[in-house]
Amino acid sequence: MPESKLPAVGETIFTTISALSNKYTAINLGQGFPDFEMNNGLIKCVYDAMKDGHNQYANSGGSLKLRAAISKKILNLYGSIVDPNHEICITPGATYAIYTAITSIIHPGDEVIIFEPAYDSYVPNVKVNGGVPVLISLEGPDFKIDWDKVKSKVSARTRLIIINSPHNPTGTILEGADLLALQAIVKDTNILVVSDEVYEHITFDNKKHQSVLSFPDLFSRSFAIYSFGKVYNCTGWKVGYCVAPAKLMREFLKIHQFNAFSTNSFVQEGLANFLEDSAQYLSLSVILQEKRDFFSKLLSESQLKPLPSLGTYFQLYDYSAISAKKEIDFAKQLITDAGVAAIPVSAFYQEGKNQSLLRFCFVKKESTLVKAAERILAFERTCAVL
Ligand SMILES: Cc1ncc(COP(=O)(O)O)c(C=O)c1O
């Protein structure tokens, strides 16, 4: 057996929690996927594309029609001119795009600044390329980035900073001032940026998503990454895209062409036609904010206390009034004793920091959320009696 390239990587928390959730037939508010139907109009567009013969290899960078539609959307939303021919690549999901971006630029020994809690692929993606993750731990309840601290972590070996806004798992967002602070730090350096913006259309309370694409100096050194799965409630389709200036995109395409090479063609054709209707993605914030508020209202009598969620599929809840257990142990108890699955936030830190926080996914049918809240409240009543 060859030596493992990722010796510390085991089963992900999502697999562990989902397996336990299935065993106890719990309601799974752990993994981030909707349990309601996706848009029939998009299904029809994709079906028609397949029937119309879009079934052979697509262009390696992606369907030009889809790339042109994305470029138009970026201009409208972020005021940035992006060349569809040389600055966009359609990928089999955002996770793939993140891996490809990191692989295209990280050499052994390069340092990569990553904020924790972090989406679970970032650290292994850096390590598999021989890079060195430099972790900056953010703390609840606000999980704010201290940019002076970031500056102090920059060294001659720093090659990349990874940001994610709206942020999984905390539901925080970066403001324009944050991106300006980042822009000032990387100015006149060789540092590049991966900006994971998969929840770009999911911001709440009238907050506007701030994209690196709106900041020309930042965009000139960034890979911005998106996922159609999160936009159209079809996470299982695994289609996303990367936007980067031509010089970075050239390197990205070198890795992509010898890996997936291209992304499935009929989905791209269907998406290109569906993307014309901007109302579909612009209405997402309103729909999901209602779900966030619906779930937190159902839990208003609960001892679980919500932290602010300004975007994403998720809201963190503090359970310290119910239990002193470690997050993983309380998450397991919630599955076995209440029949509801949620993800311990400690799983998003390499060293497993415990803050008595669980991440709940509220992008579910109302009936699912009602049932989950009933179970949580019933569980709390039994805790009170004990
Ligand atoms: C922050 C973040 N980035 C990337 C992804 C992955 O997106 P995709 O399913 O398109 O690979 C997710 C999915 O949960 C995510 O939360």
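T263 counts as buried, and here's why: its relative accessibility is 4%, while the cut-off for buried is under 20%. Keep in mind that this is a predicted model.

**T263 and its surroundings**
- You'll find T263 in the loop that runs between helix 10 (246-257) and helix 11 (265-274).
- A polar atom of the T263 side chain sits 3.1 Å from the backbone oxygen of I90.
- If you skip its neighbours within four places in sequence, T263 is in contact with A58, I90, T91, P92, V239 and Q268.

**C89 in strand 2**
- C89 is part of strand 2, which covers residues 88-91.
- With a relative accessible area of 0%, C89 is buried, since buried means under 20%.
- Setting aside neighbours within four places in sequence, C89 has contacts with S60, G61, G240, Y241, C242, M249, F252, L253 and H256.
- Y78 is 11 residues away from C89 in sequence, and their C-alpha atoms are 18 Å apart in space.

**The nonpolar cores**
- The largest nonpolar core is made up of 65 residues, and the ones with the most contacts inside it are L160, I162, F223, I225, F295 and F360.
- Helix 4 (residues 94-105) gives this core its largest share, namely six residues.
- Domain 1 (13-31 + 283-385) and domain 2 (40-278) both contribute residues to this core, so the core lies between them.
- Take F223 from that list: leaving out residues up to four places away in sequence, it touches A101, S104, I105, V193, V194, S195, C242, V243, A244, L248 and F252.
- There's also a second, separate core of 55 residues, with I88, L174, A224 and V267 among its members.

**Helix 14**
- Helix 14 (residues 327-338) has 12 residues, so at 1.5 Å a residue it should span 16 Å.
- The buried residues in helix 14 include E327, F330, A331, Q333, L334, I335 and A338.

Note on methods: Residues numbered from 1 in each chain as written. Predicted model: local features only at pLDDT ≥ 70, side-chain atom pairs only at ≥ 80, totals over all residues. Heavy atoms only, no water. Helix = DSSP H or I, 4+ residues; strand = E, 2+ residues; numbered from the N terminus. Buried < 20%, exposed > 50% of the residue type's maximum accessible area, 1.4 Å probe, protein only. Polar contact = N/O pair within 3.5 Å; in protein donor to acceptor, adjacent residues only side chain to side chain. Contact = heavy atoms within 4.5 Å. Core = buried A, V, L, I, M, F, W, Y, C linked by side-chain atoms within 4.5 Å. Domains from an automatic or database assignment. Expected span 1.5 Å × (residues − 1).
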